Amino acid sequence: MRFRVRIWITGSQGQLGHVLLNLLQKKGIDSFGTTREEVDISQEDQVRSRMKGVTHIINAAAFARVDPAETEREKAFRANAVGPEVLALAAREAGARLIHISTDYVFDGTLGRPYREDDQTNPVNWYGQTKLEGELRVQKAFPEACIVRVSWVFGGHGTQQYVHAVLKMLREKRELRFVADQIGRPTYAHDLAEALIVLRDQSGIYHYANRGAISKYDLTCAIWDWAKRKHLPLLCESVVPITAAEFLVPAPRPLSTPFDTAKIEAILPIRSWEEALAECMNRSSFS
Ligand SMILES: NC(=O)c1ccc[n+]([C@@H]2O[C@H](COP(=O)([O-])OP(=O)(O)OC[C@H]3O[C@@H](n4cnc5c(N)ncnc54)[C@H](OP(=O)(O)O)[C@@H]3O)[C@@H](O)[C@H]2O)c1
């Protein structure tokens with residue numbers, strides 16, 4: 001017997017949400033998305049009004065801008081902590097599943113080895129604090145929910161995403177400076193979307209990212225190499241490695257947050273960031 005599925009993607013105009021909704025629809029899986037204007041996930045009445053027939057919620061909505069979160073604190077808290085709790089309660093009541101997306105920024109980056117799901121959390125900025133609070137509220141409201149932590153998402157929807165942003169800078173600036181001493185694992189939005197569909201009936205916390213731990217400097221250089229091979233018109237002559245201490249931003253970042261992904265790799269394979277980036281560059285119209 002096949003079970004009926006109807007998947008609700010929140011934040012469906014976001015970098016991840018948009019890719020995920022497109023993928024579900026391409027696969028012919030019954031699904032719909034809502035933007036912040038249509039459903040603010042922190043508003044109980046708005047959430048409940050969309051629950052009819054929903055079997056799964058994948059929460060891709062968030063206040064994901066790390067520096068603005070330091071000043072727009074209440075807005076970030078409502079989206080990242082209150083919203084997930086509202087969704088968890090609504091899903092539990094409706095007998096639906098919840099897959100909630102979280103972040104490597106729940107960690108402080110000082111562990112010295114890749115982070116496993118049960119390692120000690122200790123966020124170093126407000127964004128990370130609100131995302132951790134969201135995780136805790138989801139687990140309390142709906143212990144069967146699934147939380148998927150991801151890191152350094154690239155290649156999703158919108159011109160703000162990493163690859164677009166780097167290519168724009170390469171076109172417009174002679175020199176780029178990128179942090180070389182903060183290490184993480186990039187996550188290709190399309191690979192993540194595929195993984196979330198596979199994970200939709202799981203419970204507990206999972207870490208997901210493409211294989212290979214690198215710096216933003218390394219990732220930027222890889223995009224630069226690709227752009228040069230494609231003979232794109234670039235102004236950039238050098239990409240300079242800098243330290244995190246030299247990169248002055250309102251929100252501190254955790255130093256090194258590569259994930260240990262052994263738990264999720266027992267369920268699904270993960271490819272390297274190089275393979276994922278190559279596909280991202282080739283499938284997009286960046287020229
Ligand atoms: N991007 C990364 O590098 C990264 C890294 C680690 C984890 N993550 C996590 O991955 C998930 C997806 O992130 P993303 O990069 O796709 O973010 P994104 O592009 O900023 O998309 C998030 C979407 O959520 C919407 N939203 C914000 N507040 C909302 C609310 N209260 N109710 C409903 N919708 C709301 C936003 O709408 P507006 O734009 O209109 O506000 C936006 O369309 C998030 O959980 C994020 O924390 C991202």
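This report describes helix packing and a few individual residues in a predicted model.

## Helices α4 and α5

Helix α4, residues 73-94, packs on α5 with their axes 8 Å apart and at an angle of about 15°, and the two helices are therefore roughly parallel to each other. In passing α5, α4 makes a right-handed crossing. The α4 side of the contact consists of R73, A76, F77, N80, A81, P84, E85, A88, L89 and R92, and the α5 side consists of W126, Y127, T130, K131, E133, G134, R137, V138 and A141. Sorted by class, the residues of this contact are ten nonpolar, three polar and six charged.

## Helices α1 and α7

Helix α1 (residues 15-26) and helix α7 (residues 189-198) have axes 9 Å apart and pack at an angle of about 60°; α1 and α7 are therefore oblique to each other. The crossing of this pair is right-handed. From α1, the residues that make the contact are Q15, L16, V19, L20, L23 and L24, while α7 contributes A189, H190, L192, A193, E194, L196 and I197. Ten of the residues in the contact of α1 with α7 are nonpolar, two are polar and one is charged.

## Helix α6 and its surroundings

In helix α6, which spans residues 162-172, the buried residues include Y162, V163, V166, L167 and L170. Viewed down the axis of α6, its buried residues fall within an arc of 125°, so they line one face of the helix. K168 and E172, by contrast, are exposed on the other side of α6. Among the elements that cover the buried residues of α6 are the strands β6 (153-154) and β7 (175-179), together with the helices α8 (216-229) and α10 (273-283).

The packing of α6 with α8 has an angle of about 65°, and the axes of the two helices are 10 Å apart. The crossing of α6 and α8 is right-handed. Here V163, V166, L167 and L170 of α6 meet T220, I223, W224 and A227 of α8, and the residues of this contact comprise seven nonpolar, one polar and no charged.

Y105 is located in the loop between β4 (97-103) and α5 (126-141). Leaving aside residues up to four places away in sequence, Y105 touches P123, N125, Y127, G128, K131 and P254. Of these, Y127 and K131 are also listed on the α5 side of the contact with α4. The C-alpha atoms of Y105 and E70 are separated by 14 Å, and these two residues are 35 residues apart along the chain.

## Two loop residues with positive phi

W152, although it is not a glycine, has a positive phi of about 45°. This tryptophan is found in the loop between β5 (146-150) and β6, and W152 counts as buried because it has 21 C-beta neighbours inside 10 Å.

H231, likewise a residue other than glycine, has a positive phi near 55°. H231 lies in the loop between α8 and β12 (238-242).

How values were computed
Residues are numbered from 1 along each chain as its sequence is written. This is a predicted model: local features need pLDDT of at least 70, side-chain atom pairs count only at pLDDT 80 or more; totals for chains, interfaces and linings use all residues. Axes are lines fitted to C-alpha atoms, for helices over the stretch in contact, and angles run from 0 to 180 degrees between N-to-C directions. Helices (H or I, at least four residues) and strands (E, at least two) are DSSP runs, numbered from the N terminus. Angles under 35 degrees count as roughly parallel, over 145 as roughly antiparallel, 65 to 115 as roughly perpendicular and the rest as oblique. A crossing is left-handed if the near helix is turned anticlockwise from the far one by less than a right angle, and right-handed if clockwise. Two residues are in contact if their C-beta atoms, placed from the backbone, lie within 7 Å. Ala, Val, Leu, Ile, Met, Phe, Trp, Tyr, Cys and Pro count as nonpolar, Asp, Glu, Lys and Arg as charged, and the others, Gly among them, as polar. A residue is buried if 20 or more other C-beta atoms lie within 10 Å of its own, exposed if 12 or fewer, and partly exposed in between; C-beta atoms are placed from the backbone. The arc is that of the directions from the helix axis to the C-beta atoms.
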